[in-house]
Amino acid sequence: MTVQGLFSAKGTASAQAYVMPRIAVIGRGFSGMMMAIALMKTVRTPFHLQLFDPNSSVSGGQALASGRSSEILNSRVRDLSVSAGDPDDFNDWLCSNATFRSAVPAAIPGFLQIFVPKSIFSDYVYQRFSEALSSRRDITVQVSAETVIGLRRSHGDRVLVESAGASNPLFDTVILATGYGMSDRAPHSGEPVATPTAVRARRLVSRPHTVLLGSGLRVVDRLLQMRDNGYGGQITIVSKHGFLPQSHTRSNADPVFPAEAMPGSLSEIVRFIRRACENAEANEQSWQSVMNGLRKHARSLWRSLPAGQKQQFNRHLRALYDSHRNRLPEALHVRLKQELAEGNTLLRRGQFLRRTPTGLTLKPTGQQGAEQIYADEVIDCRCQEPDLDTPLMRSLIGAGLAMPDELGLGLAVEATGALSVDGRTTEGLFAIGPLGLGSLPDIDLVPEIVTQAYTAAEGVATRFYPQCKAV
């Protein structure tokens, strides 16, 4: 499907598509839609944009994929604007929504400090995309449901996009916005799912039991959804490190952070941050304010650490850090604590080994042997890491167009999202959002993705038309 603005005839669109710069965005979750918005708002000269994604629907990405109305985002409205330079844009959009405004009267005249359902945010993003498209009569936008399986240089600096379809078009710029690599986690081979017969037999003698794998927001989201839908059975959360998301403050937690110079080693940095949290609470502030302030320093701190200390952080501290940065709205955190306190939900710390026909095998932390856990259902709620073993990622790395970051968490990228190989920027290739998590801490969060998308779009505009300033 191809459209030029929302006004021109298909023939004109087809004729101009090949004389204008051609840009491909691979992925149509939040990172992809945000990148498209940034390009349409920033590159003020004509171009052709092609969006690749085998998923026929437009969603908010992995974090927003299910979009049920009761699923709440863990960021306040104030942090979710997709408009550069206008942090109140999402709030203004909500205020103009009469249905939402009547449903949340207590927040009038503004909604900056509240948490909203994921489906509401997804509607907002798509509407801003549609508005940006309708305002550009000079560009063409094509949506392709083909699966991209490879990228390689062809015809000089242009990039050939290889897909499962018949056409392999050339592009001047390609932007990877696949979230975590366009790969859904599937059960490992030899891990059968519990059979209906085994489930029925156990229910005759025991309470229904479900195991949730994970420790982040997705596992809490699934737990509370199950309870809201009337599930009364036992639930066990299996977490490798035993951490669950902490709570947001009830009211706004403005960023605070000590003014003195940061120490140089990982252990000293940890002590520094803990001391800052203690001092904040002693001064009637919150540790959440310190964590919000830390985000401004996270990238410079990460770059300053040697590789060995980065690996140490990844092994021993990342789960703890994530539990404090990816926080739950207070009301949901209260429900989680109540579930655990009443014993309706158990938290087990250990390493998930494999599924079995009657549940799963777990290696509990601190024990030598494995343990069989019986369950009617095992649901994987673990957050995906960037998958570098897909055909697309293998083709990039094999062609020397990209390389894994030093920890193997994703692709090595610059702050702009530009791919980097041995410290050199790969011309015309970008990775936006979570694919760069090993290079850029917190790049999986909405404000950071928005900033990166506009920065990348400015780079694209300058590359095509060096004499023109992006606006």
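**Note on the helices, cores and loops**

1. Starting with helix H12 (residues 318-325): Arg318, Tyr321, Ser323 and Arg325 are buried there. Buried here means under 20% relative accessible area, exposed means over 50%, and partly exposed lies in between (1.4 Å probe, protein chains only). The cover over the buried residues of H12 includes helix H9 (287-294), helix H10 (298-304) and helix H11 (307-316). Helices (H or I, at least four residues) and strands (E, at least two) are DSSP runs, numbered from the N terminus.

2. A word on provenance before going on. This is a predicted model, where local features need pLDDT of at least 70 and side-chain atom pairs count only at pLDDT 80 or more, while totals for chains, interfaces and linings use all residues. Residues are numbered from 1 along each chain as its sequence is written, and side-chain values use heavy atoms, with hydrogens and water left out.

3. The overall figures: the protein chain holds 15 helices and 16 strands, and 49% of its 471 residues are buried. Among contacts (heavy atoms within 4.5 Å) with a separation of 6 or more, 71% link residues 24 or more positions apart. Accessible surface comes to about 21800 Å², with 52% of that belonging to carbon and sulfur atoms; the areas are from the Shrake-Rupley method with a 1.4 Å probe, and for residues only the protein chains shown count as cover.

4. Helix H2 (residues 30-42) deserves a look. Its 13 residues reach 18 Å from first C-alpha to last, close to the 18 Å expected at 1.5 Å a residue (the expected span being 1.5 Å times one less than the number of residues). Of those 13 residues, 12 are buried, so H2 is largely enclosed by the rest of the structure. Met33, Met34, Met35 and Met40 are among the buried ones. What they and the other buried residues of H2 pack against is strand E2 (22-26), strand E3 (48-52), helix H5 (118-134), strand E8 (173-176) and helix H15 (446-464).

5. On to the cores. A nonpolar core is a set of buried Ala, Val, Leu, Ile, Met, Phe, Trp, Tyr and Cys residues joined through side-chain atoms within 4.5 Å. The largest has 49 residues, and Met34, Leu39 and Phe90 have the most contacts inside it. At least two residues of this core come from each of E2, H2, E3, helix H3 (89-95), H5 and H15. H15 gives the most, with 10 residues. A second, separate core of 25 residues includes Ile26, Val161, Leu411 and Leu435.

6. Phe90 touches Val77, Leu80, Ser81, Val116, Ile120, Phe121 and Tyr124, leaving aside its neighbours within four places in sequence.

7. There's also an open sheet of three strands, ordered E5-E6-E7 with antiparallel pairing; strands pair if DSSP finds at least two bridges between them. Strand E5 (148-153) and strand E7 (170-171) are the edges, each pairing on one side only. Strand E6 (residues 159-163) meets E7 over two bridges, and Val159 stands opposite Phe171 in E7.

8. Two backbone spots to check. Asp422 isn't a glycine, yet has a positive phi of about 55°; it lies in the loop between strand E15 (418-421) and strand E16 (424-431). Asp442, also not a glycine, has a positive phi of about 70°, and is in the loop between E16 and H15. Which of them is buried, and which exposed? Asp422 is exposed, with a relative accessible area of 57%, whereas Asp442 counts as buried at 2%.
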